[in-house]
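Please look over the entry below before the next discussion. My comments come after it.

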Amino acid sequence: MGVLTITSRKGGCGKTMLATVLAASLADGGADVALLDADPNGSAHRWTTSTYTGRTIPSYAEADAERLAELLPSLTERHTILIVDTAGFGNQAAMVAATGAGLVLVPVTPGEGDLVEAQRTVAYVEGLARSTRRAIPARVIANRIRRTTTLSRHVLAEIDKLDLPRLQAVLSEAVAYGEIGFSGALPKEGGGRGGDRCAGDGDARGGVVASG
Ligand SMILES: Nc1ncnc2c1ncn2[C@@H]1O[C@H](COP(=O)(O)OP(=O)(O)OP(=O)(O)O)[C@@H](O)[C@H]1O
Ligand SMILES: [Mg+2]
C-alpha cells in the first residue's frame, strides 16, 4: 500500500542501513512490511534473507528498471509497507522506485559534498513529482550524527539553512548499526556505551515512521 523509497545520489550515506533497520524494526512491531532491493549489489536482500534473525521480512531483489516498473505495483498491492533500497541516482531503477514512492527518504551524512548531493536528490524527486503530477514527498534524514561535534551541529544547521525538508529524528553514529550486518539482529535502543549507542538523539526508528 505504501512505498518508502530510500535513495540518494551519494554512495555510502546509509541507505541500506536505514532500509534494513527500518524493515526489521517495523517487522518486529508486527507490521506487514516487505523489502525490495533495487541495488544490483543486493546487500539489503542478502541481509534479510541470509543474516537477519527476526520476524520474517518478505524480500525481493530487482535492479532492472523495466522489470522493477512491472513489479512495483504488484508488490505495493501485496504488502502494507514496501521499503525500497536503491543504488542512488544515475540509475533508472532508483528513478522508478522514487516515482512510485509515497515517501522518499534521503539519508545525509555530515560533510559539504553530502549536503550538495542531498540537495540535488531532493530537487530531482521534486522534479519527478512535477513531471508525473503527483505528490512525492521527500525528506532528508541526518545520519551518523554525533551531537557533541561541531561538524554534526553544522550539518543540521546547514540542512535547515538550505531549507531542505528534514525529519526531526536523526540517526546517531553508532557501531551497532554497522554490526547488524554481521549479527542479523536489530541494535538495542540506547544499548551499548558511547559510540555503540544507537538512536541516542531521538528514536530514529520510531521517529522515521512517526514523521513519515
Ligand atoms: N549511523 C551509522 N553508524 C555507524 N555506521 C553506519 C551508520 N550508517 C551507516 N553506517 C555504515 O556505513 C557504511 C555505509 O552504509 P550503507 O551501506 O548503508 O550506505 P549506502 O548508502 O547503502 O551505500 P551504497 O551507496 O554503497 O549502497 C556501512 O558499513 C554501514 O554499516
Ligand atoms: Mg546500499
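This is a predicted model: local features need pLDDT of at least 70, side-chain atom pairs count only at pLDDT 80 or more; totals for chains, interfaces and linings use all residues.

1. Residues are numbered from 1 along each chain as its sequence is written, while chains are lettered from A and ligands numbered from 1 in the order in which they are written.

2. The protein has 8 helices and 6 strands. Both are DSSP runs numbered from the N terminus (helices H or I, at least four residues; strands E, at least two). Their order along the sequence is β-α-β-α-β-α-β-α-β-α-β-α-α-α.

3. Of 212 residues, 47% are buried (20 or more other C-beta atoms within 10 Å of the residue's own, C-beta atoms being placed from the backbone). Among contacts with a separation of 6 or more, 75% join residues 24 or more positions apart. A contact means C-beta atoms, placed from the backbone, within 7 Å.

4. Threonine 5 sits in strand E1 (residues 2-6). Threonine 5 is buried because 29 other C-beta atoms lie within 10 Å. Beyond its neighbours within four places in sequence, its contacts include Val84, Ala97 and Val104. Its C-alpha lies 9.9 Å from that of valine 96, 91 residues along the chain.

5. Strand E6 (residues 138-142) has 4 of its 5 residues buried, so it is largely enclosed by the rest of the structure. E5 (residues 103-108) pairs with E6 in the parallel sense over 5 bridges; pairing requires at least two DSSP bridges. Valine 106 has valine 140 in E6 as its bridge partner.

Terms used:
A residue is buried if 20 or more other C-beta atoms lie within 10 Å of its own, exposed if 12 or fewer, and partly exposed in between; C-beta atoms are placed from the backbone. Two residues are in contact if their C-beta atoms, placed from the backbone, lie within 7 Å.
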